[in-house]
Amino acid sequence: MGVNSSGDEETTTTLETHQETLNTDNITFVDALNDEISTVLENTSDLQYDYVLGDVSDYGVSGNGHAHFDLVHEDSTIHCVIFSHRLRSFDITIDDGTHIAVKGELSYYAANGSVSLIVEDFVEVGERNYQQTYQENKRILEEDGLLSEKTKQSLPEFPRRIGLVTSADSDAREDAVTSIHGRHPDVDIVIHHTTVQGDDAMLSMMQAISELDDNAHIDVIVLTRGGGSEKDLRVFNETPLCRVIHNTTTPFVVGVGHENDRTLADEVADKRVMTPTHAGEIVPKKEDLETKLQDVTDRLDRAYERTVQTQLEATVDNLNTAYEQQVDSNLATFSTDLDRAFEALHV
């Protein structure tokens, strides 16, 4: 009790000090504000709905058995939690992209000022809204031939300069650069900063791609970003961005999200890598090239030695044969001359 009272007195004194400094009595600390917000939020009848509708995104179950996911509609998101005991009572599974109606109560976590829906029940209400948009975009791109394997370019076997389209201060940039230079440190990387999510992302990426495509020194362009919710990755399913990727004359690689994330940009690109960390796959390992070079050098040396040895042996054989033929010829000539001389002496 004594410790708590002392703490209250210290807080009061501190508040009073700040009131004098700020010249107002109407101030408070974050914890007090969050407690008040929690009380207001959870007791406001205007925010009590039977169901809240949206698409499931980024669903997962934590180590303590609670399920967490985002409920997304248009450009808005609210976090949802299903406690483990409630989750075990559900007979159906929840998949990313499912369009559902959620019944639950709003909860305000005062410690970090976040709002969540504590799910009591949910109902699948049909095909998700965005899935319809995705399928329509895919149909359009397919009809226009952008998804055909015949349109894809081959990547250069030994790229010397790579254009990287990503957020300059992101983990994706660091992972991609580390991956590429880990395989071949001598490859040049030109980083073109771009926004990879939000309202400006599509135009920002399209401009960056076009500028790198105009650079004759760029051998390959890589568009990459790290993982995110389905909502965060939707920009990579937009047809204008896909058309810019398809129309590049420079071979194009896309590495977006996690291994299981697939976007239309992946399908339009000349090559898809699963994550930013896999971007290094587009360059050969320098040590492998050096090993192959050494093997080729060794084979050339051995072939050279064999060729020289063979030619020397053939030359020696030819000389020996020529020498023997010359000696035989000379001997035959001498023999004939001696016979004639002998005959002349006895005539």
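These questions and answers cover a helix pair and several salt bridges in a predicted model.

Colleague: How are H6 and H8 oriented to each other, roughly parallel or roughly antiparallel?
Modeller: The axes of H6 (residues 201-213) and H8 (residues 239-247) come within 10 Å. They cross at roughly 10°. Angles under 35 degrees count as roughly parallel. Therefore H6 and H8 are roughly parallel.

Colleague: How many nonpolar residues are in the contact of H6 with H8?
Modeller: H6 contributes residues including Met 202, Met 205 and Ile 209. From H8 come Leu 241, Val 244 and Ile 245, among others. By class, the contact has two polar, one charged and, as the number asked for, eight nonpolar residues.

Colleague: Which strands does the salt bridge of Arg 161 and Asp 188 link?
Modeller: The side chains meet at 3.2 Å, N to O. The partners are 27 residues apart, in distant parts of the chain. Arg 161 lies in strand E6 and Asp 188 in strand E7.

Colleague: How many residues apart in sequence are the parts tied together by Lys 286 and Asp 186?
Modeller: Their salt bridge spans 2.7 Å, N to O. Lys 286 is partly exposed at 25% relative accessible area. Lys 286 sits in helix H10 and Asp 186 in the loop between H5 and E7, so the parts tied together are 100 residues apart.

How values were computed
Residues numbered from 1 in each chain as written. Predicted model: local features only at pLDDT ≥ 70, side-chain atom pairs only at ≥ 80, totals over all residues. Heavy atoms only, no water. Axes fitted to C-alpha atoms, helices over the stretch in contact; angles between N-to-C directions. Helix = DSSP H or I, 4+ residues; strand = E, 2+ residues; numbered from the N terminus. Parallel < 35°, antiparallel > 145°, perpendicular 65-115°, else oblique. Contact = heavy atoms within 4.5 Å. Nonpolar A, V, L, I, M, F, W, Y, C, P; charged D, E, K, R; others polar. Salt bridge = Lys/Arg side-chain N within 4 Å of Asp/Glu carboxyl O. Buried < 20%, exposed > 50% of the residue type's maximum accessible area, 1.4 Å probe, protein only.
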